Amino acid sequence: MAQVRENKGARKAIVAVVLIIFTIIYMIPLFYIVNTSFRPWADIREYPPKLIYQPSVAAFIRIFTARAVYPPGQAPTEQELKDMSTIERIVYKETNERIVRTGDLPRRYLNSLIICVLSTMITILLGTTAAYGFSRFPVKGKDDWMFFILSTRMLPPVIVGIPVFLMFRNVGLNDSHLGLILLYVAFNVSFAVWVLKGFIDEIPREYEDAALVDGYSRFQAFRKIVLPQSVTGIAATAVFVFIFAWNEYAFAFMLTRNTAQTVPAWLPYQMGVLGFDWGAAAAGTTLFLIPPMVLTILLRNHLVRGISFGAVRK
Amino acid sequence: MVKKFGDFTAVKELDLTIHDGEFLVLLGPSGCGKTTTLRCISGLEIPTSGSIILDGVDVTDRRASQRDIAFVFQLYALYPHLTAYKNIAFPLKAQHVPKEEMDKEVDRVVKMLRIEHILDRKPKHLSGGDMQRVALGRALVRHPKVFLLDEPIGTLDAAFREEMRTELKALHVDINATSVYVTHDQEEAMSMGDRIAVMNAGVLQQIGEPHEVYANPVNLFVARFIGSPGMNLLACKPETGENGQLGLRMRGNNELLELPGTLQQLLKEKVERDHSLVLGVRPEDTTVHTAEQEHSLAAEVYVTEKMGSYHIVDLSYGEEIVRARTSAYVDMEIGQNVRMSFDMGRVRFFDSESGQSIMN
Ligand SMILES: Nc1ncnc2c1ncn2[C@@H]1O[C@H](COP(=O)(O)OP(=O)(O)O)[C@@H](O)[C@H]1O
Ligand SMILES: [Mg+2]
């Protein structure tokens, strides 16, 4: 008996150690990026890197702005320096630059937010209703439909990218918000239907039957009974769908240039454009991490339940 | 009505009239189509053919929500995300009943069911009995035309089931609403029903008052299914004895059982000569004698089950087993040779081929 318990304790300890090691390995790049984004300009390319430094937000300012270098001999006067805003002073002190206008990031960031939030909402709306239909009604050729829906996910984006590009050009959807939203919805709905159908299948039909005899219509029963009980599944699905859209690079790269360009499509360019301003790139990446992180933290309870629930089912 | 699922017929040509204010029990073994019948009445299933008439109006094409029927489901189906109060008020919400009136109505059923103290709890924090009461409350709150109850106390433990049975019956007496109550427990059916409808394999076997179904089952299925233990069924054949009287040649020990004149008359009228019959007799109409007895058959004690206030003695009679209910003060030994006799006024005869009673 004691032997068994000891073994169990030992196994637990090993599992914990392994998990900690994995977590650290996974966190290294993340830590590196966040760390780099706060380094002052002069420190970034120093090798070996300084362990202790004065953190600076200059990199964040740089990623948000377009700037020009003060020509030699035209340094700002004492008075001008005094009149500068804090932001301007930070930039000047670190890189001897003057802020010209707002940069490209805010626009890209907004694009990403608009496209991802809207496409996630539409995906969840379509996915939930479709999953409900597949779960509850005798749809003809249900299994074939379900497979067909899934099969839309089997092609890598790079392969469908060019045909989609040509089609989008014909209907004027290139470099438009609507185009990317439609595409992400089309791509994500399959995943959403599959996952949500699993969740809805688990909700006993008797609840809806009860609502039907209690005087509610089918749709009301769906809204008042099925929806509240599938929040967990919906939340988990929404996080996955959002993160997919947020990270999506291939389509965004091929289909957007300007108006609707998203952060992942834009960020890589900046490394060259900024003259290898790693600080700014790291700052952009750090900012880029925030929305999925916030979403995940907000929905973490649902998420853990949702994922483990999915795992328990065959 | 008829209800098929694909090729499978779950309910076969059911023709059932339920009276106003009646407590009808739908009784049958698991899988015989009881739930399907209720679902058709409620509008959750559409019958494959036939029609459902409620208060003289054909409601076959109406949706469940438009039928004004309350359904208490087998596992209660309480909405898990709503409190007991909200569960009970849920049907009223559908009708947009104003808040004060809703509170009043909920209060009424809550008082009736004595569940004031659990109104804030969600279903997962309720005991089986309380869930049951909340489910009843949800049905009672809106004065429906009909109550449908699908094995509502089947999952409760035995002692509590008894209590709920009484409570449900009292409730029905109070509100006097037309109710259809489904159960597979014949005892429950006997004790609760104004009338009992016995179903088997999708077919309605017999409908009648409990004592009628008990005393005069229309076929062998009902005879076996009703009663605990069910009716004793003995294979036999009418035969004219040496004295010229009609008797029964029992297959068990091949003895000739003498019959009273009324039964002789009946068999003469209803049965062709040499036709195999099944004699049915209730355990309580079977008497065991340790001494010689007229009109009796020889049997051997097989087992005695002590039920407390009475004993059930299993007698082996040839290949057959006959159960007799005896007083708790009678002691019998296993293997003891005894005589058994039947209350001839209460025996029933069935056609051994069709299984139908020949008494009607
Ligand atoms: N939706 C359905 N699809 C197919 N078969 C069903 C369906 N509902 C019930 N059945 C079948 O119909 C028969 C009767 O079921 P049911 O009415 O639930 O029986 P009971 O309530 O008497 O136990 C069962 O054999 C069951 O398998
Ligand atoms: Mg059932």
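Start by selecting helix α9 of chain B, residues 261-270 (helices are DSSP runs of H or I with at least four residues, strands are runs of E with at least two, and both are numbered from the N terminus). Colour Leu263(B), Gln264(B), Leu266(B) and Leu267(B), which are buried (under 20% relative accessible area, while exposed means over 50%, with a 1.4 Å probe and protein chains only). Why do they sit on the same side of α9(B)? Because they cover an arc of only 165 degrees around the axis, taken from the directions from the helix axis to the C-beta atoms.

This is a predicted model, where local features need pLDDT of at least 70, side-chain atom pairs need 80 or more, and totals for chains, interfaces and linings use all residues. Residues are numbered from 1 along each chain as written, chains are lettered from A and ligands numbered from 1 in written order, and side-chain values use heavy atoms, without hydrogens and water.

Now turn to the other side of α9(B), where Thr262(B), Lys268(B) and Glu269(B) are exposed. Next, show β12 (246-250), β14 (277-281) and β20 (348-351) of chain B: the buried residues of α9(B) pack against these strands (contact means heavy atoms within 4.5 Å).

Then select ligand 1. The residues around ligand 1 include Phe5(B), Phe8(B) and Ser30(B) (each has a heavy atom within 4 Å). α1(B) gives the most to this shell, with 3 residues.

Finally, look for polar contacts (N or O pairs within 3.5 Å). A polar side-chain atom of Thr35(B) lies 2.5 Å from a ligand 1 oxygen, and a polar backbone atom of Lys34(B) is 2.8 Å from an oxygen of ligand 1.

Conventions. Polar contact = N/O pair within 3.5 Å; in protein donor to acceptor, adjacent residues only side chain to side chain.
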